[in-house]
Amino acid sequence: MTATTVPDTDDATLEAALVGLAASSPALADTGRAQRAAGLRAVADALDAAAEDLVAVAARETWLPVPRLTGEVARTTGQLRMFADGLDEGSFLDVVIDPADPAAVPVPRPDLRRMHVPLGPVLVFAASNFPFAFSVAGGDTASALAAGCPVVVKAHPGHPETSVRTAGIVRAAWEGAGMPAGSFALITGEQAGVAALRDPRITAAGFTGSLHGGTALYRIAAERDVPIPFYAEMGSLNPTFITPGAVAARGEQIAAGFVTSFTLGVGQFCTKPGLLFLPRGHGLDDALVRAVREVAPGRMLHERIRRGHDAVRAELAALPGMRVVAAVDGDPDAAGLAGATLLATDLATLLADRERVLPECFGPTSVIVEYDGMWEVLTAARTFGGNLTATVHAEEDELELVRPLVRELRDQAGRIVWNGWPTGVAVAWAMHHGGPWPATSSPLHTSVGMTAIRRFLRPVTYQDVPAALLDEVLQDRNPAGIPRRLDGRLSTGDVTGS
């Protein structure tokens with residue numbers, strides 16, 4: 001891995017970026033949906049055109065393989081186009097119109113028209129493990145720009161040149177499509193990021209990273225003179241529960257799928273299954289060992305992350321009641337190289353020492369927890385905090401058996417996976433990539449999918465305001481046919497009588 005040195009943003013440059021954001025905010029908020037959609041598509045096209053060069057730089061900086069990075073660029077540009085399509089469709093505005101009703105009981109009702117409007121300038125903290133999809137042009141940036149909010153991205157130090165090059169392409173394409181100058185900027189350096197978060201011109205922030213870093217920044221956002229929303233995606237154990245019936249029907253298939261999932265991307269996905277609950281006496285050790293030994297050691301993002309993974313793995317392996325099921329050693333002389341490790345314990349050990357058994361181990365390590373009955377599985381499901389995902393493997397004749405578990409997991413996770421694996425997050429309208437603390441700082445929102453745009457919008461109601469002063473989507477007529485709630489019913493038509 002070789003990273004180009006990029007100097008930290010100085011005070012004057014940071015101030016210029018914030019001035020540009022503040023100055024461009026009213027103009028961007030007033031752009032039409034079609035204009036912003038065209039801007040997003042222009043950015044996607046420009047990134048696709050530069051994909052080969054961007055991937056080469058990112059591969060040099062991160063040790064991520066070229067095929068993975070190539071696919072990630074495609075995911076990033078597809079995400080931008082999804083938000084453009086969502087702008088065309090228009091339902092994200094959540095338009096509600098209740099025309100005046102003099103006969104309303106108990107009092108006459110005024111004319112009420114509500115829609116969502118942009119919050120204002122947004123700060124995005126880029127992630128380390130996705131140098132494109134959760135970085136400079138990633139989901140936080142795309143959803144904020146789509147909402148009509150200017151964006152300043154704080155680059156991640158793990159891929160600085162990739163960030164600078166991507167930002168240059170985004171800015172040129174965005175402004176080249178007619179978007180306001182200064183409505184997109186990049187800054188570098190921890191201090192610049194903290195200073196921007198404290199600046200009163202920033203109205204919201206998005207973050208993807210560690211629990212420690214996310215919590216510290218969340219507190220800064222909350223302790224400002226004017227607190228702002230801080231949307232942090234942090235750590236997740238992503239527990240997976242296997243029933244006795246599933247073990248009997250397809251145990252070896254489950255073992256292979258689990259190992260593939262927790263080692264995917266050298267275990268550096270936020271949806272990696274970090275816990276596997278198996279019935280005692282499951283008999284899958286041999287299949288799990290074979291599957292782990294088939295996974296070659298891989299390079300982690302950089303040496304600091306590899307050292308962190310190795311330290312947590314060693315602490316877990318040394319715990320009383322913990323055994324090593326399988327381990328593939330990395331090469332200590334090869335920087336960043338880590339091998340897969342599978343540990344095992346039982347539920348009693350987990351419950352007796354939760355703080356030490358349940359830390360997130362970012363990398364290719366996971367823990368099996370053996371249980372004696374479904375009542376213990378329910379106890380286990382209540383053991384840990386919020387998660388991005390929870391997975392259940394069961395057979396059709398066990399649906400009633402696992403119904404209480406699925407109900408419990410609904411309160412613990414943002415996405416419940418049935419007979420599958422959580423790694424891989426579809427960029428779709430129905431996706432919820434979020435969850436209760438500590439998975440995220442706000443379980444109400446997702447960082448993936450079209451509804452991620454809701455983080456950077458706020459509702460405004462206009463009461464008896466003259467039609468000439470209203471946004472076109474609040475007018476009686478609806479020539480664009482966007483979904484609106486009229487008198488309590490969803491409709492794409494005009495207000496009755498217009």
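Reply: The largest cavity has a volume of about 120 Å³. A cavity here is a set of points on a 1 Å grid over the protein atoms alone, where a 1.4 Å probe fits but cannot get out; lining residues have an atom within 4 Å of a point. Grid points are joined across faces, edges and corners, and the volume is the space filled by probe spheres set on the points. The lining holds 17 residues, and closest to the centre are Leu237, Lys272, Gly274, Pro359 and Cys361.

This is a predicted model: local features need pLDDT of at least 70, side-chain atom pairs count only at pLDDT 80 or more, and totals for chains, interfaces and linings use all residues. Residues are numbered from 1 along each chain as its sequence is written, and side-chain values use heavy atoms, with hydrogens and water left out.

By class, nine lining residues are nonpolar, six polar and two charged. Ala, Val, Leu, Ile, Met, Phe, Trp, Tyr, Cys and Pro count as nonpolar; Asp, Glu, Lys and Arg as charged; the others, Gly among them, as polar.

Strand β14 (residues 365-371) gives the most to this lining, with three residues. Strands (E, at least two residues) and helices (H or I, at least four) are DSSP runs, numbered from the N terminus.

Now the sheet around β14. The strand belongs to an open sheet of seven, in the order β11-β13-β14-β9-β8-β15-β16, with mixed pairing. Two strands pair if DSSP finds at least two bridges between them. β11 (323-327) and β16 (413-418) are the edge strands; each has a single partner, so one side of each is left without a neighbour in the sheet. On average, neighbouring strands are turned by 20° against each other, direction ignored.

β14 and β9 (residues 275-279) run parallel, joined by five bridges.

Helix α15 (residues 399-410) lies across β8 (239-242), β15 (387-393) and β16. Contact means heavy atoms within 4.5 Å. The helix runs at about 155° to β16. Axes are lines fitted to C-alpha atoms, for helices over the stretch in contact, and angles run from 0 to 180 degrees between N-to-C directions.

For context, the count comes to five cavities of 30 Å³ or more.

Key. 1 Å grid on protein atoms, 1.4 Å probe; cavity = no way out; pocket = protein on both sides within 12 Å on 5 of 7 lines; lining within 4 Å.
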